[in-house]
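I opened this notebook to record what I looked up in the structure shown below. The entries move from overall figures to single contacts.

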Amino acid sequence: MIYLVQHLLLASFGLVLLAWVSRLLRALIRRDAVMQYRSQATLVLLAAWLLPTQWSVCHFTSQPVPVAARSDSMDWVFSDSESPEPETSRRFSSDPTAELGSISTEAFGEVPAASVRAPAAGAAVHAWPGNRASLFAQALESKPLRTTFQVFAIIYLAGVALSVFLLLVRVGATVRLVLHCRPIEDPRLKDLCRELAGPKVQLCQSDGVQSPACLVLPSRMIVLPRNHASRLSTDHLKCVLRHEAVHLERSDWLICWLQHLLTTSMWFHPSAWRMSRLLSEDRELSCDAIVVRQNQNPKTYADAVLACCQPIPALHLPLTTGFDSPAGIKRRLEMLAFANQKTSRSRRVLTGLLALLCLTTVGAIHSAALLAAPPRPLGARPGETPQAQDTDQDGLSDFAEKHKYLTDPNNPDTDGDGTPDGDWNERREYQYTIRSVVQVIRPVTIEFLSDHYQDAQVLDETDQYVELEVFHYPFNTVASAIRGNDDWRQATSQMKKWLQPGPSADWTPEMQADLERQLLGDGIDVNQLNDRQIVEQASKWLCDRTESTDGFTSFITAWDEDGKPYVPEGLDGAIQRELEKTGRTLEEQWQREVSASGMFRHKTRGSCTSSSIYLAGCLKALGIPTRTVYCIPIIDASDDREFDLIGNLQQPGIRQHLLTSLSPIKRSWASHTFNEVYVGGQWHRLNYSRLGQGIYDRHLFGLVTHVGTFNDWADAKAHETIGRRQKSSSTRDVFGYRNPYSTISLRDEMGPHCQLEMPKLRSRQHVVESVSWTDDEALPQSIRDNCRRSGRFGLIAKVTGAGPMQELLAFLDQADVQVLLKPKNEKLPVVSTGFDRGCVWLDRGEAMIYLPLGSSDIHDLAKHESYLFQPQDQSAERGFRLSGEIAMVRTADLPGAAQDLRRFLPQR
């Protein structure tokens with residue numbers, strides 16, 4: 001509201017200036033009606049120019065308050081099943097909020113907050129978060145003044161609404177006039193009209209006018225009062241027709257509309273009404289002068305004016321230009337005496353200079369108004385509140401420079417090398433980035449992919465995939481900058497696109513009222529909270545109240561033009577398999593998985609995609625702009641070639657982090673769908689109830705690539721691409737493996753000015769306490785049964801110091817796993833085996849790991865001979881060491897008989 005009042009005052013000042021110039025110009029050229037009209041029309045045009053400024057700068061902002069980011073984490077559940085069905089693939093648990101816990105940093109470390117240093121450019125970085133307010137707004141921050149301005153703004157908008165209503169009433173009168181017009185069929189009058197006004201102008205008559213008028217809709221026409229032509233002589237009729245023809249030739253109807261725009265938007269300003277009235281008078285006088293100058297006798301023309309003199313109707317028609325209205329008849333007759341008089345050259349020059357000065361002054365007011373408003377960043381979409389300003393005009397928003405690129409938002413060239421920070425390569429010089437080139441199946445929404453966490457561009461497109469070059473910024477500080485906005489309803493009032501219900505986010509007014517009532521019953525009053533508080537509290541409440549439901553139809557369901565779900569052709573079998581598992585009808589399943597209102601009603605939700613649909617619908621109902629985000633891991637872990645690309649990364653701590661995070665999903669279909677919410681003037685990620693979800697997280701594939709953003713999940717049309725590929729289990733395409741994406745290049749880069757402290761690779765060894773045969777009775781029965789059923793024979797090593805399963809598997813990927821069985825008799829051959837990452841049991845930090853022995857290995861083991869169990873390199877930073885000497889004796893020739901198997905007992 002402050003910005004609205006500010007720019008109304010600026011526009012008012014401009015109108016006062018234009019009214020003063022108008023008076024001065026009329027004094028200079030008072031005898032030249034044509035020149036006078038042109039100058040007045042120019043001034044009205046300048047006045048109308050002030051209006052877009054007035055509205056374009058009406059931004060609603062509030063001062064941001066930085067708050068600390070949450071550090072919640074989420075555990076995963078996954079399956080190593082070879083089945084391609086989504087329900088057996090790795091995904092978030094249905095109730096992740098119950099699994100929140102601290103993230104261990106032993107395996108990969110973290111970047112401490114203090115390690116993010118300011119750019120070493122020598123320039124001070126202002127700590128003005130978010131959008132800056134104008135000096136006017138800063139001086140009027142007090143609540144009483146803010147309230148006063150809000151009341152003034154409401155009165156102003158009410159006046160505008162009333163003016164528009166009255167204008168529409170008069171437009172309706174004009175429409176009725178057009179409907180009652182009848183063409184004049186008299187050949188003499190038609191020929192006369194064609195001669196004076198042109199062949200495209202139609203001559204009509206109507207009872208709705210009291211004096212001659214002209215119209216341009218639906219076609220150009222001159223309208224005479226009924227039987228009026230019979231009362232005028234031919235000379236008088238020529239004057240009337242020529243006068244109206246001049247109006248049409250000059251397009252005076254357009255100037256009329258500018259007058260109405262001016263008086264409607266500035267209805268409270270006397271200068272606006274005065275300028276409009278004077279312009280209407282000058283319009284008629286200038287037409288009179290033009291007709292007289294075209295060889296028309298002034299006395300004859302005066303008689304024509306008097307002959308057409310009729311009372312002016314009380315309801316002026318805005319789309320018409322009349323012959324004797326609105327100027328006074330007396331003044332028109334007086335001006336006819338000077339109709340042929342033209343302004344001298346000196347006065348013309350003086351008028352031109354004055355007009356130029358006026359144009360310069362109004363332009364200065366226009367520029368001042370734009371500078372006073374919060375600037376719109378590059379790439380901002382119309383209808384959305386601007387997310388950040390760009391103080392140094394380098395093409396990067398201040399928010400991105402401070403929290404993504406770590407450059408100076410007040411210096412367009414932070415390192416002073418002559419290349420602005422906004423250059424595609426220059427922007428990464430103060431950051432650590434990971435570059436990937438990925439081919440991904442559609443849907444891909446490139447217009448949204450350059451966000452707070454990555455920069456992306458399209459390299460190639462085919463029918464099968466879109467090839468993207470993506471630069472990831474894993475160590476951004478976006479989460480630490482999340483702030484709440486107390487005036488969030490006002491700030492999001494123009495973001496209706498992201499608030500409206502959709503086919504899947506199908507909230508209703510009844511659901512909205514029920515949601516707010518239930519939240520209030522649990523102590524969450526959305527009318528008393530800022531947007532951040534609402535998102536954090538409501539999302540956790542929404543997740544806690546629901547239970548997990550089986551089934552996975554979100555990628556194989558489509559929606560028609562009416563927003564109704566249906567099963568696409570060819571996916572009937574896939575849908576039927578899901579229904580057989582759930583025991584529900586199709587409509588029941590959809591209500592519990594892909595309908596936000598249905599999930600709210602039944603208190604259920606399904607996979608991550610289903611949960612994002614549920615949260616999107618509920619948060620939109622609460623007035624929070626929300627959209628859906630689709631991300632994929634940095635690589636397809638099911639492809640060994642892509643998994644090996646991790647070795648290209650120079651930073652060992654980050655390389656270890658990705659290996660630890662991606663190892664558990666080597667045989668899984670992996671992607672994640674969650675939300676983005678508009679909080680504090682920025683779009684921020686919401687992962688279930690975690691606001692500020694980043695891209696560098698071991699619980700989220702280690703590092704993710706953003707490939708799609710949708711207002712509603714139905715907009716993704718995932719059934720056309722991902723759904724059909726996944727349900728057909730086909731890998732005979734460009735991707736070749738389980739997931740519909742392939743990373744073809746991966747590398748990292750430390751910017752030359754980057755001062756971030758990278759995660760360290762922590763040395764770690766696992767300790768082997770003892771070794772047993774696979775059917776040793778000392779082993780748990782479940783392990784022995786598993787080995788017997790699968791035909792495994794060999795050794796089982798008991799290992800201590802193991803972390804979570806994903807860390808243990810990542811350790812086995814990187815460690816030296818080879819083991820030697822060395823006989824004490826040096827004449828016997830050494831037997832070699834190794835730890836198998838595919839057969840691991842983990843229980844409370846103790847791991848049992850299988851070491852296979854083939855038939856040739858068993859043959860090489862000498863009966864009754866003692867062998868030492870020795871990892872190949874116990875000095876390796878990541879490997880195995882022994883708690884003591886472990887020896888074994890083989891007493892049987894055949895491995896199948898349990899009575900012939902002996903335990904390898906450690907000899908200390």
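The entries below cover confidence, composition, strands and sheets, and salt bridges.

**Entry 1. Basis**

I worked from a predicted model, in which local features need pLDDT of at least 70 and side-chain atom pairs count only at pLDDT 80 or more, while totals for chains, interfaces and linings use all residues. Residues are numbered from 1 along each chain as its sequence is written, and side-chain values use heavy atoms, with hydrogens and water left out.

**Entry 2. Confidence**

I looked up pLDDT, the predictor's confidence in each residue, from 0 to 100. The protein chain averages 78, and 74% of the residues score at least 70. I noted that pLDDT stays under 50 over residues 54-142, for which the model has 217 contacts (heavy atoms within 4.5 Å) beyond four places in sequence. Residues 311-319 also stay under 50, with 21 contacts beyond four places in sequence. Where pLDDT is low, the predicted coordinates should not be read in detail.

**Entry 3. Whole chain**

I found 26 helices and 30 strands in the protein chain; these are DSSP runs numbered from the N terminus, helices being H or I of at least four residues and strands E of at least two. Of the 908 residues, 55% are buried. Buried means under 20% relative accessible area, exposed over 50%, and partly exposed in between, with a 1.4 Å probe and protein chains only. Among contacts between residues at least 6 apart in sequence, 74% join residues at least 24 apart.

**Entry 4. Six-stranded sheet**

I traced an open sheet of six strands in the order β18-β17-β16-β15-β20-β19, with antiparallel pairing; two strands pair if DSSP finds at least two bridges between them. The edge strands, β18 (690-691) and β19 (696-697), each pair on one side only. Two bridges join β17 (residues 682-687) to β18, and Leu 686 has Leu 691 in β18 as its bridge partner. Helix α16 (residues 531-544) packs on the sheet and touches β16 (672-679), β17 and β18, its direction making about 150° with that of β16. Helix α22 (residues 652-662) also packs on the sheet, where it touches β15 (626-633), β19 and β20 (702-710), at about 70° to the direction of β20. For these angles, axes are lines fitted to C-alpha atoms, for helices over the stretch in contact, and angles run from 0 to 180 degrees between N-to-C directions.

**Entry 5. Strand β23**

Why is strand β23 (residues 794-800) largely enclosed by the rest of the structure? Six of its seven residues are buried. β23 pairs with β27 (residues 846-852) in the antiparallel sense over seven bridges, and Gly 794 stands opposite Pro 852 in β27.

**Entry 6. Salt bridges**

Asp 207 and Arg 226 form one at 2.9 Å, N to O. Asp 207 lies in the loop between β4 (202-206) and β5 (213-215) and Arg 226 in the loop between β6 (221-225) and α6 (228-231), so the pair ties together parts that are 19 residues apart in sequence. Asp 207 is exposed at 55% relative accessibility, whereas Arg 226 is partly exposed at 34%.

Asp 785 and Arg 788 meet at 3.0 Å, N to O. Both lie in helix α24 (residues 781-790), three residues apart, about one turn of the helix. Asp 785 is buried at 18%, but Arg 788 is exposed at 56%. Finally, I recorded a network of salt bridges linking Asp 451, Arg 627, Glu 676 and Arg 685.

Conventions:
Salt bridge = Lys/Arg side-chain N within 4 Å of Asp/Glu carboxyl O.
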